[in-house]
Amino acid sequence: MDVPAELKELSATLASIEAVVDLAALRNEAADLERQASAADLWDDLDNAQRVNSRLSFVQGEVRRVEDLRRRIDDAETLWGLAEEMDDAASHAEVERDLPGLRRAVDELEIRTLLSGRYDVREALVTIRSEAGGVDAADFAEMLMRMYLRWAERHNYAVDVLDTSYAEEAGIKSATFQVKAPYAYGTLSVEQGTHRLVRISPFDNQGRRQTSFVGVEVLPVVESSDHVEIPDDEIRVDVYRSSGPGGQGVNTTDSAVRITHLPTNIVVSCQNERSQIQNRASAMAVLQAKLLERRRQEEQAALDALKDAGNSWGNQMRNYVLHPYQMVKDLRTDFEVGNPQAVLDGEIDGFIEAGIRWRRAAQAT
């Protein structure tokens with residue numbers, strides 16, 4: 001292993017990342033936001049105060065992330081140089097142990113620079129729906145929900161489950177959850193599409209092979225600056241009693257909320273909060289996100305028409321095969337893994353990174 005050459009390559013890659021993210025501009029923005037945050041009248045405008053503090057926290061985090069990685073690489077290069085001078089085997093070994101972590105950190109930061117879409121920086125609303133395949137599809141939907149929750153857990157991302165509709169025999173009909181992390185939308189948006197599972201059905205007493213399908217929808221979380229206005233006369237609000245697995249009641253009051261947007265017939269529901277007010281607020285947030293996505297799709301359709309280029313990446317996009325062989329393969333990028341259990345346990349970063357690079361290349365053509 002040529003450690004000095006690898007460190008030099010990592011340093012050069014980080015330098016290009018620093019140029020793309022414009023670290024100097026981020027530092028200037030952080031300083032300006034700090035001045036705004038310290039203003040005596042900041043909290044006179046609650047929405048603006050929240051925006052300023054949220055943006056300040058994000059910008060400071062971005063600067064710290066790049067600066068910390070630069071320091072780690074510089075320290076590794078210095079330590080290697082000293083180890084060479086002193087013939088220090090222990091220091092050599094320490095740098096070699098740190099190299100894989102440095103590579104991962106640089107790769108993750110490089111992927112982040114590819115997320116430059118209008119809403120990529122947002123948190124994400126993920127909805128999973130069982131499609132063709134009956135009880136196997138419902139079970140697969142629950143498997144995918146667990147996969148994404150475990151992925152978020154691996155990255156220490158907070159998740160808020162907003163709604164879960166359980167199937168009668170096993171699994172879920174649908175679920176919606178919010179991933180609360182910067183760039184969650186840009187990162188997870190490449191997971192949108194139809195996922196296909198092939199396996200011996202555990203629900204078939206004859207042990208036959210079953211193919212099932214689950215749809216994944218990823219939306220950006222709406223912010224106050226989006227101004228998605230929803231007049232009261234355009235929605236119908238229904239309340240009902242929450243239910244859990246097997247139809248059991250979760251709450252003893254009619255606290256679950258279902259909202260229908262009459263002009264578009266979009267329906268959203270929320271039942272996981274304890275009060276009707278909280279469930280209504282969460283359901284409205286999801287509805288706003290869906291309307292925002294509808295607007296984004298209309299804008300994208302107009303751009304595609306001008307460019308005379310279709311965008312088909314949101315259709316069937318990944319196969320999970322458990323029988324007669326073991327493999328998970330992305331149909332867009334050809335990225336594949338021979339350990340489906342690891343993937344279903346949340347190890348999907350390889351698929352996400354390949355998807356982001358594939359999308360960026362497709363957009364450039």
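Helix 2 (residues 23-37) packs against helix 3 (residues 46-86) in this predicted model. Their axes lie 9 Å apart, at an angle of about 145°. The crossing of helix 2 over helix 3 is left-handed. Helix 2 brings L23, L26, R27, E29, A30, L33, E34, Q36 and A37 to the contact. Helix 3 answers with R51, V52, N53, R55, L56, V59, Q60, E62, V63, V66 and E67. By class, this contact has ten nonpolar, three polar and seven charged residues.

Helix 3 also takes part in the largest pocket, where it supplies eleven residues, the largest share of the lining. The pocket holds about 1,400 Å³ of space. Its lining counts 46 residues, and V121, R122, E123, A181 and P182 are the closest to the centre. Helix 3, helix 4 (89-113), helix 5 (134-154), helix 6 (184-188), helix 7 (276-307) and helix 9 (349-364) each give at least two residues to the lining. The table sets out the classes for the helix contact and for the pocket lining.

Two backbone features call for a look. Most residues other than glycine have a negative phi, and most peptide bonds are trans. D87 has a positive phi, near 50°, and is not a glycine. D87 sits in the loop between helix 3 and helix 4. The peptide bond from H323 to P324 is cis, with omega near 10°. P324 belongs to the loop between strand 9 (316-321) and strand 10 (327-330).

How far does confidence reach? The mean pLDDT of the protein is 88. Residues at 70 or more make up 92% of the protein. Residues 306-314 are another matter: pLDDT stays under 50 there. For this stretch the model has twelve contacts beyond four places in sequence. Where pLDDT is low, the predicted coordinates should not be read in detail.

How values were computed
Residues numbered from 1 in each chain as written. Predicted model: local features only at pLDDT ≥ 70, side-chain atom pairs only at ≥ 80, totals over all residues. Heavy atoms only, no water. Axes fitted to C-alpha atoms, helices over the stretch in contact; angles between N-to-C directions. Helix = DSSP H or I, 4+ residues; strand = E, 2+ residues; numbered from the N terminus. Left-handed = near helix turned anticlockwise from the far one by under 90°. Contact = heavy atoms within 4.5 Å. Nonpolar A, V, L, I, M, F, W, Y, C, P; charged D, E, K, R; others polar. 1 Å grid on protein atoms, 1.4 Å probe; cavity = no way out; pocket = protein on both sides within 12 Å on 5 of 7 lines; lining within 4 Å. Points joined across faces, edges and corners; volume = space filled by probe spheres on them. pLDDT = per-residue confidence, 0-100.
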